[in-house]
Amino acid sequence: MFFKKKAMRLASAVLGIAMLGSVFAGCGDEAASSDDIKVGANFELTGNQANYGTACMEGLKLAVKEANEAGGINGKKITIIEADTKSEAAESVNAATKLISDDKVVAIVGPAVTANVIAESDVATQNKVPIVAPAATNPNVTVKDGELKPFVFRSCFIDPQQGTVMAQFAARDLKAKTAVMYIDSSSDYSKSLGKVFKETFEANGGKVVMEEAFLAKDQDFKAALTKIKTANADVIFVPCYYEEAGKIVKQAREMGISCPLLGTDGWDDPKVADIAGADALNNTFFSTHYFDQDAEAQSFIETFKKEYGHAPNVFAALGYDCGKLLIDALKRASSLDGDAIRQAIEATKDLQVATAKITMDPSNHNPIKEAVIIENKDGKYELKAKIAPEK
Amino acid sequence: MDFTHQFVQQLINGVSLGSIYALIALGYTMIYGIIKLINFAHGDIYMVGAYIGFFAVTRAEMSIVPALLVSMVVTGLLGMLVERLAYKPLRHAPRISILITAIGVSFFLEYASMYFVTPTPRTFPNVIDNIAYNIGPFVVNGQQMMIMGITLILMVILTYIVQKTKLGKAMRAASFDVETAQLMGINADRVISYTFCIGSALAAAAGVLVGVYYNSIDPLMGIMPGLKAFVAAVLGGIGILPGAVTGGIILGVIEAMVSGFLSSTFRDAAAFGILILVLLFKPSGLLGKNRREKV
């Protein structure tokens, strides 16, 4: 027994030295072969969510380009390794696995859409590679069955915050007593927002008198809108993405619905005004991540326009924020080990990004970040309120 | 709003939506009538038509009618090209091969377009003034009337081609039996090619009208209307021209009524439920009779 123990000790010592050696050797190799820090960018580059993924990717690339021009991370440049989720949850997992095992990235940014982030998060946890999601607002992105996913972060606010903010705005500022909800039944985003809106609105003394549904990519909303018109509600809550938002606002006004329409961050895109027209958009309000006329956002918007020749939409801004968050953490991290990066992201404090100043909440991996409410007025955005999350 | 009022308003909504389904369904049914192919790429041809119309309006600064014609011609030629390259080599292959090819063509058109025009939706400029007409308490707008009007004109032209011209006669003959028609001296390849051309041109017209009416087009816009038009074609009796129109309008009206009086949540369930019911109880469709003349 004694002998055996001694042999074990000897063996482990030898093994330990060998491993230490290999660690140093590894370091030497890495320094010789490449100076770059590899960051994975797993986004919806093709498929029906490609407009969100490609916009995020543009923002992320800009953040990385700026960081590299400013000297990189302690002298090392960041390289982005692109991967495509093809707008499918299963492909998102494959792409993340490839980034981790083949490309050996230190962290992953993306994807844009909630379902794809949730799918990929197990791979990240198993391999201890941190992922930061730029735009996934569903609460379940960072927690699973009430437990925090140690390596999954996001850099935007969460749906309950938006739903609450809009319901309170409807009840208190617009003095609405009745509301209709028109929900995209093919999207978790829309459904979870509807749920929170209803709870908060009814807790504030209002009543949701009708709930109708549509599907993403629908073209015609007039039948449901004809019915919604009969409810004669004070406000209509339409949490959805911009393409449908534009069409719904346009058709609602054509049908003679004149009450305020309320939306969420999915509405934050110039396309809404293109599709609906400025007149139809009057008397509509939505919550979003930032107000594009804020002084802090201007330098981002200018640089972005110079780089890509068009104005950034909100997904581009969020992709940029996410890049900023990760770059800041990489600078502060004690090493490029997954745990060290995770701790550095958790310690993010008062970091100025394009949309706000953010502090990471280590207890739920969501940043503490205010939401803004914007009114569409004659084709322009007007800031109505900035609301910090309730604790 | 009382019941009758809402009913009539939903009828207007339904007929204008149904006109679009009808235009797309016509192409499905013509192609099925002749080569027994369910052309799953048809919805994507409709999408390409919308984009050609869009570029004709924005880049070439055409007004709506010339843009519609340009789109119909170019998309018609594209339809012929697709047939020549993808389907013709499989003319004597098992039907499942050509069906799978159609799905492949569909994906090809979707993702090639996504590559060239980016996945971002485009918005049509306002090509015609959209005046809302209040007829009593009902709202009909200029664009809805334009859609119904153009659909009607195209259907009259199509009926003329099929019933009165030599090409139409050849098409009708080929739809009975391609081989026998060939024995009678009909150039079947040319007839099939023209059928794809006409069907694609109709889809292009639908695409442009949808672009103008709903003001937004994107590379994946053809998937759902393509499926709905397929349901419309089956509902009316696939292979029968008046059936496609009837099926399209009925489907549009049913969707509007279900959204209006039951719940919009059930709308698509109703549309595809109809497909199942038709297939169970009257597989030949509403207008389908065994001895009916087909195109």
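Student: What span should helix 12 of chain A have at 1.5 Å a residue, and how far apart are its end C-alpha atoms?

Tutor: Quick housekeeping before that. This is a predicted model, in which local features need pLDDT of at least 70, side-chain atom pairs count only at pLDDT 80 or more, and totals for chains, interfaces and linings use all residues. Residues are numbered from 1 along each chain as its sequence is written, while chains are lettered from A and ligands numbered from 1 in the order in which they are written.

Now, your helix. Helix 12 of chain A covers residues 314-332, 19 residues in all, so at 1.5 Å a residue it should span 27 Å; the end C-alpha atoms are 27 Å apart, which agrees. Helices (H or I, at least four residues) and strands (E, at least two) are DSSP runs numbered from the N terminus, and the expected span is 1.5 Å times one less than the number of residues. Of those 19 residues, 17 are buried, so helix 12 of chain A is largely enclosed by the rest of the structure. A residue is buried if 20 or more other C-beta atoms lie within 10 Å of its own, exposed if 12 or fewer, and partly exposed in between, with C-beta atoms placed from the backbone.

Next, the sheets of chain A. One is an open sheet of five strands, in the order 2-1-3-4-7, with parallel pairing; its edges are strand 2 (78-84) and strand 7 (152-154), each pairing on one side only. Two strands pair if DSSP finds at least two bridges between them. Strand 3 (residues 107-109) and strand 4 (residues 131-133) of chain A are joined in the parallel sense by two bridges, and A:V109 stands opposite A:V132 of strand 4. Helix 2 of chain A lies across strand 1 (37-43), strand 2 and strand 3 of chain A, at about 170° to strand 2. Angles run from 0 to 180 degrees between N-to-C directions, and axes are lines fitted to C-alpha atoms, for helices over the stretch in contact. Contact here asks that the C-beta atoms of two residues, placed from the backbone, lie within 7 Å.

The other sheet has seven strands in the order 9-8-10-11-12-16-17; this one is open too, but with mixed pairing. Strand 9 and strand 17 (380-387) of chain A are its edges. Strand 8 (residues 178-184) runs parallel to strand 10 (residues 235-237) of chain A, with three bridges between them; A:V180 has A:I236 as its bridge partner there. Helix 6 (residues 188-203) of chain A packs on this sheet against strand 8, strand 9 and strand 10, making about 170° with strand 8. Helix 7 of chain A also touches strand 8, strand 9 and strand 10, at about 175° to strand 9.

How do the chains meet? Chain A and chain B put 29 residues each into the contact. On the chain A side, the elements that supply at least two residues each include helix 2 (50-69), strand 9 (207-214) and helix 7 (222-231). Helix 7 of chain A gives the most, six residues. By class, that side has eight nonpolar, ten polar and eleven charged residues. Ala, Val, Leu, Ile, Met, Phe, Trp, Tyr, Cys and Pro count as nonpolar, Asp, Glu, Lys and Arg as charged, and the others, Gly among them, as polar.

Over in chain B, helix 1 (residues 3-35) packs against helix 5 (residues 142-164) at about 35°, with the axes 9 Å apart. Helix 1 of chain B contributes residues including B:I12, B:V15 and B:L26, and helix 5 of chain B residues including B:I147 and B:L158. That contact divides into ten nonpolar, four polar and no charged residues.

Helix 3 (residues 64-87) of chain B has 24 residues and should span 34 Å; its end C-alpha atoms are 32 Å apart, which agrees. Its buried residues include B:A67, B:L68 and B:Y87, and their cover includes helix 2 (42-58), helix 4 (95-117) and helix 8 (188-214) of chain B. B:Y51, in helix 2 of chain B, is itself buried, with 23 other C-beta atoms within 10 Å. Not counting residues up to four places away in sequence, B:Y51 touches B:S113, B:V117 and B:I217; B:Y51 and B:S113 are 62 residues apart in sequence but 9.1 Å apart in space, C-alpha to C-alpha.
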